Amino acid sequence: KAKSQGGGKVVFYTEALSEAVTRKLEMEQALRRALEQDELRLHYQPQVNAQTQQIVGAEALIRWQPKSGAMISPAAFIPIAEETGLIVPIGEWVIRTACIQALQWFGEGLGAFQISVNVSSRQFQETDFAAGVLRIVEETGLPPDRLVLEITESIAIQDEGDAIVKLLAIKNAGIQIAMDDFGTGYSSLGVLKRIRVDKLKIDQTFVRDIGGNEEQATIVEAILAMASSLKLEVIAEGVETADQYQFLRSRGCGWIQGYYFSRPLPADQFGHAYVRKR
Ligand code: C2E
Ligand code: MG
Ligand code: MG
Ligand code: MG
């Protein structure tokens, strides 16, 4: 009896497993089509100077807009893109598209401005990642110091030596590096010391509780003090309220990004709001 129950379970698990595999395969194929058929989009979220409130940059954030159906957020498909390796061509598309878009806006009169793109660890681990980025920058003609790559602490987990070599090649070309989601990783300080980033993005989980939670406020103050002594530019993410903004501004946070100033916008809306001011 026990045996037959066990057998039943095996069948059950096998079915569940193959269903999951099928779903993943379907998603992978749909994502591959999305890339080929131009269903991916970048939205751009302004980053402003905390003192002047002038726009100083934007983060490019990917969206998947299927021909029919609702827009899909990166949280829903980036993990699959990473698992399947599709993040490599998608990531190249992101960098190229963002560079071309920024160049267009410069041509239309946008002044001092940096464009930031997210780089996933899987993408960074490609042997020719650095060479690929340099090639895109060269081909598009974007001044390298206008481009910022947002990485996370996890890029250094697998092979820190390799990560440092790649980052050096990128930085030597003039491209800047920002540490994204800072404070959520494991070895924050050690990694920061060894891989010399230009900017540090305070994760929105710390920003969220600034007003209500004294401990979180203290963490943010500590990050700002440390960044200042390391001479790093700090960007606070997820700033939603005037109180959060005032707290960060008054304690020397240089750049602000969040719904308080603007949600991420499609390129044309971003252009109308920040570039084509007539
Ligand atoms: P992230 O790089 O930390 O991006 C910030 C996320 O916070 C974005 O979510 C943004 O829309 C959201 N956000 C901005 N301001 C606020 C705010 O005031 N309040 C709240 N609650 N949220 C805010 P999004 O666009 O859904 O992207 C989520 C994550 O997906 C990103 O986190 C990034 O890790 C990843 N991602 C997005 N685009 C790309 C991409 O092109 N390539 C890769 N590899 N990852 C990407
Ligand atoms: Mg980011
Ligand atoms: Mg972030
Ligand atoms: Mg994040």
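**Close-up 1. The magnesium ion (ligand 3) and its protein donors.** In this close-up, the magnesium ion (ligand 3) is held by Asp180 (OD), Asp181 (OD), Glu237 (OE) and Glu237 (OE), which lie 2.1 to 2.4 Å from the ion. Donors here are N, O and S atoms within 2.8 Å of the metal (3.2 Å for Na, K and Ca), and since water is not among the atoms, sites may look incomplete. Along the chain, these donors follow the spacing D-D-x55-E. Asp180 lies in strand 5 (residues 176-182) and Glu237 in the loop between strand 7 (233-236) and helix 11 (242-250), so this pair ties together parts that are 57 residues apart in sequence. Helices (H or I, at least four residues) and strands (E, at least two) are DSSP runs, numbered from the N terminus. Glu237 counts as buried because its relative accessibility is 8%; buried means under 20% relative accessible area, exposed over 50%, and partly exposed in between (1.4 Å probe, protein chains only).

A quick note before the next view: this is a predicted model, in which local features need pLDDT of at least 70 and side-chain atom pairs count only at pLDDT 80 or more, while totals for chains, interfaces and linings use all residues. Residues are numbered from 1 along each chain as its sequence is written, chains are lettered from A and ligands numbered from 1 in the order in which they are written, and side-chain values use heavy atoms, with hydrogens and water left out.

Close-up 2. Glu59 (OE), Asn118 (OD1), Glu150 (OE) and Asp180 (OD) coordinate the magnesium ion (ligand 2) at 2.0 to 2.2 Å. The spacing of these donor residues in sequence is E-x58-N-x31-E-x29-D. Glu59 sits in strand 2 (residues 55-64) and Asp180 in strand 5, so the two tie together parts that are 121 residues apart in sequence. Look for Asp180 between the metals: this residue bridges the magnesium ion (ligand 2) and the magnesium ion (ligand 3), which are 4.0 Å apart. Asp180 is buried, with 7% relative accessibility, and Glu59 is buried as well, at 4%.

**Close-up 3. Helix 5 packed against helix 7.** Helix 5 (residues 129-140) and helix 7 (residues 160-172) pack at an angle of about 15 degrees, and their axes are 9 Å apart. Axes are lines fitted to C-alpha atoms, for helices over the stretch in contact, and angles run from 0 to 180 degrees between N-to-C directions. That makes helix 5 roughly parallel to helix 7; angles under 35 degrees count as roughly parallel, over 145 as roughly antiparallel, 65 to 115 as roughly perpendicular and the rest as oblique. Phe129, Ala130 and Leu134 of helix 5 meet Lys166, Ala169 and Ile170 of helix 7, where contact means heavy atoms within 4.5 Å.

**Close-up 4. Ala178 in strand 5.** Ala178 lies in strand 5 and is buried, at 1% relative accessibility. Leaving out residues up to four places away in sequence, Ala178 touches Val148, Leu149, Glu150, Ile151 and Lys199.

**Close-up 5. His43 in strand 1.** His43 belongs to strand 1 (residues 40-49) and is buried, with a relative accessible area of 12%. Not counting residues up to four places away in sequence, His43 touches several residues, among them Glu59, Met71 and Pro264.
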